[in-house]
Amino acid sequence: MSGSEGNAVERFVNELDTVVFAFGALLTLSVIAAFFINRDAVADGIELVHGEMLSYMSWALLVIVFLIVIFLLFLIVGPWGKIKLGDEDPEYSFLSFFAMLYSAGFAAGVVFWGPTEGLFYYDDPNPLFGVEGGTSEAIPLAVQQTLFHWALPQLAVFTIMGIAIGYFAYNYDNVPLRVSSALTPILGKENLDGPAAKVIDILAVFATIGGVATSLGFIGSQFVTGLDYQWGISFGDLGIIAIVTTMTILFTISMVLGVNKGIRRLSNFNMGLFVLLMLATFILGPTMFLLLLGSQAIGGMISNFVSMSLYTGAAEGGTGWVEAWTVFYWAWALSWSPFAGLFIARISKGRTVREVAFTGIVATSAATIPWFTFVGGTAVLFEHQGTADFSGAFEVGPEVSGFILFDAFPFGSVLMIAFMILVTTFFITSADSSTLAVSMMTTGGQERPSTINRIFWGIVLGMTAAILMILGGGEGAGALQDAVVITGAPFAIVCFLAMLSLIKNFSGTRGRVLLQEKTVLFGSTSDTSGDEPSPAAEPGDD
């Protein structure tokens, strides 16, 4: 072994958080092995737990995500927004910061569901609105529901974790950059290496692998299914493994290059191609209709935001619809929140809370809304008019919707190639950023984990995504998606506690917003009436 190899191995071993790495790797590899050994038994068990968890926690997910959105909006306009994450200048330009934040996992789902999701709501609208599926009245509601699912709420859980992790890591002494640090005021700074913090970090690794690999499985299957559907290029299991292996090599190269040379440059390319494809759809498609549709859908989402956020279907018999769509999306987003939050924290040093909150839920929504309006709205209109036949989306799978849509356009082949390139590059950036985040989780918060660590988790992530694609359409893939809900739902509690941690710290060190400083929440005020107000503690104080 050469000196450089020895140093690399030594660095890998020395930086490990042994407990988090061992348990995270063991849990993930055990799930992979279990599906090969007895997939049916595991799938049945996961389905049972998934059903019970939805029965008892669906309302909690809806309420918690709604409260987080309200809190982030308050941070944007309120006095706490000027608080800075650390005392350095931002490392990246705002556009690069935005592109990386947007590409970090979320955009892969946006590309996948853009041409597809509205079709399902057009066929089966939200029971809240009492509209019959397949009618003209269902068109704007289909786009409105899609915008609701992919704008503020999903982005909010990423952003709250990013702000909480970044604030306590950069503003406190000796607080590492890891998921459990988001709960510093609750756990206590002295307990960040304790059992409770370790459990949170282990679950974060497991949830991230499950959630992100499911997303990458979708994106990879879109690539493979598209080749088969459009050009008749069929892949067996070995072909799928070869495709994912190639993509894994590509995102590993990007990952080894680092954030500046790898993720940043590829993210900038992604956003450029994303905007070009979106504008092409807008210009070549039903332009005036899309403007009218977008205005109505956005207005409907804003005016119905509270009712859509808290709708459980209790009286209308729509519980199943809400659990299948909204609750599933929130739980899935929560399973991404550890890695997305950690990555957001990593690239947000030097920015204010207001800037991160604004970018996380407003700027990203501003990019997401036109995509779903133009691409999804065109797909729904084409289905309604019979311009394109999307029956394949319901029979073959949602992966083919984008290819059916762009095939109906002039220069359809060019648009489909651009679409496949976008799918691939977003796959790479999603895998790249999530692997970096998992490596950070398993090294106790190292901002630049060793190459060996990142390559290990890259291989695990690629392997899991390949398994999902091989099992795609079968019971195993559905069971793993249920497992994502199981691992993601507990992070609703973590995100809620992260929000309370920020409120506790900001109100204690930066001044209360609602109540005056001398207000006592319970008990008598007589004991404190003669006291002088104490100065606010600085973030670095214990």
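The conversation below concerns this predicted model.

Me: Let us start with helix α17. Which residues does helix α17 cover, and what span should it have?
Reply: Helix α17 comprises the 30 residues 412-441. At 1.5 Å a residue it should span 44 Å, and its end C-alpha atoms are 43 Å apart, which agrees.

Me: And how many of the residues of α17 are buried?
Reply: The number is 26 of the 30, so α17 is largely enclosed by the rest of the structure.

Me: Turning to N126: where does N126 lie?
Reply: N126 lies in the loop that runs between α5 (117-123) and α6 (138-150).

Me: Does N126 count as buried or exposed?
Reply: N126 counts as buried, because its relative accessibility is 5% and the cut-off for buried is under 20%.

Me: What is N126 in contact with, leaving aside its neighbours within four places in sequence?
Reply: N126 is in contact with Q145, Y311 and W321. With Q145 there is a polar contact between the two side chains, at 3.0 Å.

Me: On to the aromatics. How many aromatic pairs does the count come to?
Reply: The count comes to 31 aromatic pairs. One of the pairs is formed by Y121 and W325, which are edge-to-face, with 4.9 Å centre to centre and 75° between the planes.

Me: Which helices hold Y121 and W325?
Reply: Y121 lies in helix α5 and W325 in helix α13 (residues 319-347), so this pair ties together parts that are 204 residues apart in sequence. Both Y121 and W325 are buried.

Me: What about F382 and F409: what kind of pair do they form?
Reply: F382 and F409 form a tilted pair, 5.8 Å centre to centre and with 45° between the planes. The pair links distant parts of the chain, 27 residues apart: F382 is in helix α14 (residues 353-385), while F409 is in the loop between α16 (401-407) and α17.

Me: Are F382 and F409 buried or exposed?
Reply: F382 is buried, with a relative accessible area of 9%. F409 is buried as well, with a relative accessible area of 6%.

Me: Which residues do ring pairs link into a cluster?
Reply: The cluster consists of W113, F120, Y121, W150, F158, W321, W325, F328, Y329, W332, W336 and F372. W321, a member of this cluster, is also in contact with N126.

Methods
Residues numbered from 1 in each chain as written. Predicted model: local features only at pLDDT ≥ 70, side-chain atom pairs only at ≥ 80, totals over all residues. Heavy atoms only, no water. Helix = DSSP H or I, 4+ residues; strand = E, 2+ residues; numbered from the N terminus. Expected span 1.5 Å × (residues − 1). Buried < 20%, exposed > 50% of the residue type's maximum accessible area, 1.4 Å probe, protein only. Polar contact = N/O pair within 3.5 Å; in protein donor to acceptor, adjacent residues only side chain to side chain. Contact = heavy atoms within 4.5 Å. Phe/Tyr/Trp six-rings, centres within 6.5 Å; stacked < 30°, edge-to-face > 60°.
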